[in-house]
Amino acid sequence: MTRFTVETERQTHAVDVTDRVEEAVPAAADGTATVFVQHTTAGVTVNEAESNLLDDVEAFLEGSVDDHGWDHDRLDGNADSHLRALLVGPSVTIPVTDGRLDLGTWQSVLLVECDGPRSRTVSVAVDGDG
């Protein structure tokens with residue numbers, strides 16, 4: 001298992017971490033890589049990392065959940081961040097072939113921050129041969 005840290009810059013921030021995930025995959029690995037974010041207000045997904053789409057992802061998440069009015073807000077005021085992270089999910093599993101992520105042409109691994117700016121820990125576990 002490999003871990004790395006990502007510094008996010010905004011409350012809602014989609015960050016391309018594909019290169020960092022690929023660096024965590026052993027050179028001869030064949031199998032799967034599970035990418036997991038160890039936080040309840042951030043998520044991981046696979047999608048295109050084109051800058052306008054990243055902006056759209058952020059706007060979509062911000063518009064999908066009201067900022068206020070949730071029961072959890074009485075505790076620490078960030079229920080909206082938890083709910084946005086639920087939409088993304090905490091992990092993805094990606095095939096690995098010859099030590100490379102077997103992603104499609106336009107696919108990238110994205111960390112999606114929902115309660116930033118923060119420092120986030122991402123774990124990569126590779127299962128299989130290699």
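Reply: Helices (H or I, at least four residues) and strands (E, at least two) are DSSP runs, numbered from the N terminus. A79 sits in helix α4. This is a predicted model: local features need pLDDT of at least 70, side-chain atom pairs count only at pLDDT 80 or more, and totals for chains, interfaces and linings use all residues. Residues are numbered from 1 along each chain as its sequence is written, and side-chain values use heavy atoms, with hydrogens and water left out.

Me: Is A79 buried or exposed?

Reply: Buried means under 20% relative accessible area, exposed over 50%, partly exposed in between (1.4 Å probe, protein chains only). A79 has a relative accessible area of 4%, so A79 is buried.

Me: What does A79 touch, not counting residues up to four places away in sequence?

Reply: Contact means heavy atoms within 4.5 Å. On that basis A79 touches W70, H72 and D73.

Me: How many salt bridges does a search of the whole structure find?

Reply: Side chains of opposite charge can pair when their charged atoms come close. The criterion is a side-chain nitrogen of Lys or Arg within 4 Å of a carboxyl oxygen of Asp or Glu. The search finds seven salt bridges. One of them pairs R100 with E22, closest N and O atoms 3.4 Å apart. R100 lies in strand β6 (residues 100-101) and E22 in helix α1 (residues 18-23), so the pair ties together parts 78 residues apart in sequence. R100 is exposed at 52%; E22 is buried at 18%.

Me: Which residue forms a salt bridge with E113?

Reply: R120 does, with the closest N and O atoms 2.7 Å apart. E113 is buried at 0% relative accessibility, and R120 is buried at 3%.
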